[in-house]
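Please keep the sequence and the model in view while reading.

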Amino acid sequence: LAHAPTLAVIEAARAPFRDHRWQAAPLLARKATPAPEETVANPANAADSPGAVAPTSATDIETALAAARPWGDSAADRGAALNRAADLYEDSFGEIFALLAREAGKSLPDAVAELREAVDFLRYYAARIPDADPAGLFTCISPWNFPLAIFTGQIAAALATGNAVLAKPAEQTPLIASLAVSLLHRAGVPRTALQLLPGGGVVGAALTSDYRVGGVAFTGSTETALKIRAAMAEHLAPGAPLVAETGGLNAMIVDSTALPEQAVQSIVESAFQSAGQRCSALRCLYVQEDIADDLLAMLGGAMDALHMGDPWDLATDCGPVIDDDARAGIAAHVDAARAENRVLKELRAPASGTFIAPTLIELPGIAALEREIFGPVLHVVRFGSADLDRVIDDINATGYGLTFGLHTRIDDRVQHVTDRVHAGNLYVNRNQIGAIVGSQPFGGEGLSGTGPKAGGPHYMARFCAPDRQAAVDGWTGPATGRPEPA
Ligand code: UN1
C-alpha cells in the first residue's frame with residue numbers, strides 16, 4: 001500500500017470493524033434500495049455475521065437494464081475517477097481487511113495482497129485506456145474467492161473502456177462488493193454506469209440472456225462459463241464478447257534435481273495458502289520417485305507447522321473454506337480417498353466453522369482427479385525418470401490450462417517442459433499463485449478460460465465493441481490459437 005502501514009497501524013484501523021454489521025442491497029441508478037433481510041455468514045465463526053443483504057428482484061433487474069448508460073466522459077476523466085477510486089480503496093484499508101476476514105475468511109496477508117491487487121487493477125487499466133468504442137453494457141459476474149480484486153478488476157476494465165456495468169458479485173460476498181461500488185461512486189463513477197445487483201444464479205442468468213447486454217465478464221467454474229456462453233449465443237447480439245476465467249487442474253512437476261527446501265515452500269504456498277481456494281492453486285504434485293519419500297516427509301513437516309484458525313487472528317495461516325456446501329463437497333472427496341487408503345497426511349481441523357484440514361492424497365495420475373477440488377487438498381503422483389513426457393501429456397490431456405509449476409535445476413528441461421505444457425501461467429522454481437497485475441498477467445487456456453489475461457495489455461480490448469476488437473492493441477484471439485471452452 002502507498003502508506004505502507006505497520007502491523008500495529010493495520011490492527012488499529014481494523015479494530016473498529018470487529019463487530020460492525022454492514023448492509024448490502026441492489027445499488028440501482030433509479031430506485032430506493034430495499035431493506036437488507038438475508039444474513040451474511042462468517043465462514044470461520046457461525047456465531048458472527050458481518051451483516052445482511054437484500055437480493056435483487058426481477059423488477060430490480062429490469063430497472064437496472066433500463067437505467068444503464070455507457071460512461072460518456074472522456075477517457076482521461078474516466079481514468080482520473082478510477083485513480084481516485086484506487087486512493088479511496090487504499091484509505092479504507094482497515095474496513096476492507098475487516099470485511100475480507102469476516103465475510104470471505106481471508107487471513108491478513110491474503111487481505112493485504114487482495115487490496116494491493118484491486119488497487120493495481122484500477123491504476124493499470126486507468127493508465128491504458130484504448131481508443132475504441134465500448135461494447136455498451138457489460139455484465140460482470142465475479143467469484144467469492146477474490147471478492148474485491150477480481151470484482152474490481154472486471155469492473156475497472158469495463159468502466160475504463162466506457163461501458164455501463166451491471167455487477168453481480170458472488171452470493172457469499174455481497175458486502176465487500178457493495179463497499180467497493182460505493183467507493184467507485186464516491187470517486188465519480190456515475191450511478192447509471194455502475195449498478196450492483198447482488199444475488200445468485202437466477203440474477204446471473206437474467207443478466208447474461210438479455211438482448212441489451214453487449215458483453216459478459218465471468219470468473220468462476222467452467223461449467224457455469226459454458227452455460228453463459230450458450231445463453232449469450234441464444235440471446236445476445238452476434239459477436240458479443242465473453243471474457244471468462246474458469247477452473248483448472250493445476251499441476252507441478254518436481255524432479256530429483258530440485259532444491260527440496262524451495263520446492264516444499266512453493267508446494268505449501270501453492271496448495272494451502274488461501275486454504276487452496278484460488279483457481280491458480282496447486283492440485284496435483286508430480287514428484288520424481290527417487291526423491292519422493294524424502295520430499296513428502298519434509299512436506300509433511302511443513303504442513304504440521306501450518307496454523308488453522310480464525311483469519312482475524314494474525315497467527316492463522318490457513319482459514320476456513322467459504323461455506324458448508326464447499327466443506328461437505330471437499331470432505332466427501334477426502335472420505336472417498338480415505339476409504340481407498342490413499343490419504344497420506346491429514347491435519348486436524350478446528351471443531352467449529354467451515355474448516356477443511358490441509359490434506360495429502362496419493363493418486364496414480366492426474367486423470368484420476370475427476371474435478372477441481374477447491375480447497376486445501378493436494379494430490380500427489382510419483383513418476384519415474386523415463387516418464388516425463390508421458391506426465392506432460394497426462395497434464396495436457398485434462399483439457400485445462402491455468403497454472404503450472406516446475407522445480408528443476410536442469411536448464412534444458414525448463415525449456416523442454418515449458419514448451420510442451422499448455423497453461424496460461426508457467427512458474428519455474430517458485431510458487432504458482434500470486435500473479436501480479438502488469439508484470440504477470442493472469443489467465444488460462446483451453447477449458448480454463450477465453451483469455452486475454454487479466455492485468456495484461458490485451459484484456460481491455462475485449463470490453464470494446466466487437467467490430468473494433470481486432471484493431472485494439474493488436475489482439476486477434478487466444479494467444480495459442482487453441483479453442484475457447486466448448
Ligand atoms: C482465481 O482464483 O479465480 O495468481 C484467480 C493468483 C490469482 C488467482 C486468481 N491471480 O493466484
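A residue is called buried here when its relative accessible area is under 20%, exposed when that area is over 50%, and partly exposed in between. The model is a predicted one, and every value below is computed from it. By the burial cut-off, the buried residues of helix α4 are Phe93, Gly94, Glu95, Ile96, Phe97, Ala98, Leu99, Leu100, Ala101, Arg102, Glu103 and Ala104.

**Helix α4 and its surroundings**

- Because 12 of the 12 residues of α4 are buried, this helix is largely enclosed by the rest of the structure.
- The buried residues of α4 pack against α1 (7-14), β1 (22-24), β2 (38-40), α3 (75-91), α5 and α7 (174-186).
- Helix α4 covers residues 93-104, and its end C-alpha atoms are 15 Å apart, which agrees with the 16 Å that its 12 residues should span at 1.5 Å a residue.
- After α4 comes Gly105, a residue with a positive phi near 70°.

**Helix α11**

- Helix α11 (residues 289-304) has 16 residues, and the distance from its first C-alpha to its last is 23 Å, close to the 22 Å expected at 1.5 Å a residue.
- At Leu295, α11 bends by about 25°, and Leu295 is also one of the buried residues of this helix.
- An α-helix has 3.6 residues a turn, so residues three or four places apart point the same way.
- The partners against which the buried residues of α11 pack include the helix α10 (260-272) and the strands β9 (251-254), β10 (284-288) and β11 (343-346), and β12 (359-362) and β13 (377-383) are also among them.

**Enclosed cavities**

- How many cavities of 30 Å³ or more does the model contain? The count comes to 2.
- The largest cavity has a volume of about 120 Å³, and among its 13 lining residues Ala104, Gly105, Lys106, Ser274 and Gln277 lie nearest its centre.
- The lining of the largest cavity has 4 nonpolar, 6 polar and 3 charged residues.
- The second largest cavity has a volume of about 50 Å³, and of the 13 residues that line it, Leu249, Ile395, Tyr400, Gly401 and Thr403 lie nearest its centre.
- In the lining of the second largest cavity there are 8 nonpolar and 5 polar residues, with no charged residues.

- The largest pocket has a volume of about 1200 Å³ and is lined by 42 residues, of which Trp144, Phe218, Gly220, Ser221 and Thr224 lie nearest its centre.
- The elements that give two or more residues to the lining of the largest pocket are α8 (201-207), β7 (215-219), α9 (222-235) and α12 (324-339), and the largest share, 6 residues, comes from α9.
- By class, the lining of the largest pocket divides into 16 nonpolar, 17 polar and 9 charged residues.
- The second largest pocket holds about 600 Å³ of space, and among its 38 lining residues Glu117, Phe146, Gly434, Ala435 and Phe442 lie nearest its centre.
- At least two residues of the lining of the second largest pocket come from each of α5 (108-126), α6 (149-160), β7 and β8 (242-245), and α5 gives the most, with 5 residues.
- The lining of the second largest pocket has 19 nonpolar, 13 polar and 6 charged residues.

- Asp60 is found in helix α2 (residues 58-67), and it counts as buried because its relative accessibility is 3%.
- Leaving aside residues up to four places away in sequence, Asp60 touches Pro26, Leu28, Lys31, Pro55 and Leu197.
- Asn425 is found in strand β15 (residues 425-428) and is buried, with a relative accessible area of 6%.
- With residues up to four places away in sequence again left out, Asn425 touches Leu402, Thr403, Phe404, Ala435, Gln440, Pro441, Phe442, Gly443 and Lys453.
- Of these contacts, Ala435 and Phe442 are also among the residues nearest the centre of the second largest pocket, while Thr403 is among those nearest the centre of the second largest cavity.
- The C-alpha atoms of Asn425 and Ser280 are separated by 8.7 Å, although these two residues are 145 residues apart along the chain.

Notes
Residues are numbered from 1 along each chain as its sequence is written. This is a predicted model: local features need pLDDT of at least 70, side-chain atom pairs count only at pLDDT 80 or more; totals for chains, interfaces and linings use all residues. Side-chain values use heavy atoms; hydrogens and water are left out. On a 1 Å grid over the protein atoms alone, a cavity is a set of points where a 1.4 Å probe fits but cannot get out, and a pocket is an open set with protein on both sides within 12 Å along at least five of seven lines; lining residues have an atom within 4 Å of a point. Grid points are joined across faces, edges and corners, and a volume is the space filled by probe spheres set on the points. Ala, Val, Leu, Ile, Met, Phe, Trp, Tyr, Cys and Pro count as nonpolar, Asp, Glu, Lys and Arg as charged, and the others, Gly among them, as polar. Helices (H or I, at least four residues) and strands (E, at least two) are DSSP runs, numbered from the N terminus. The expected span of a helix is 1.5 Å times one less than its number of residues. The bend at a residue is the angle between axes fitted to the seven residues ending there and the seven starting there. Buried means under 20% relative accessible area, exposed over 50%, partly exposed in between (1.4 Å probe, protein chains only). Contact means heavy atoms within 4.5 Å.
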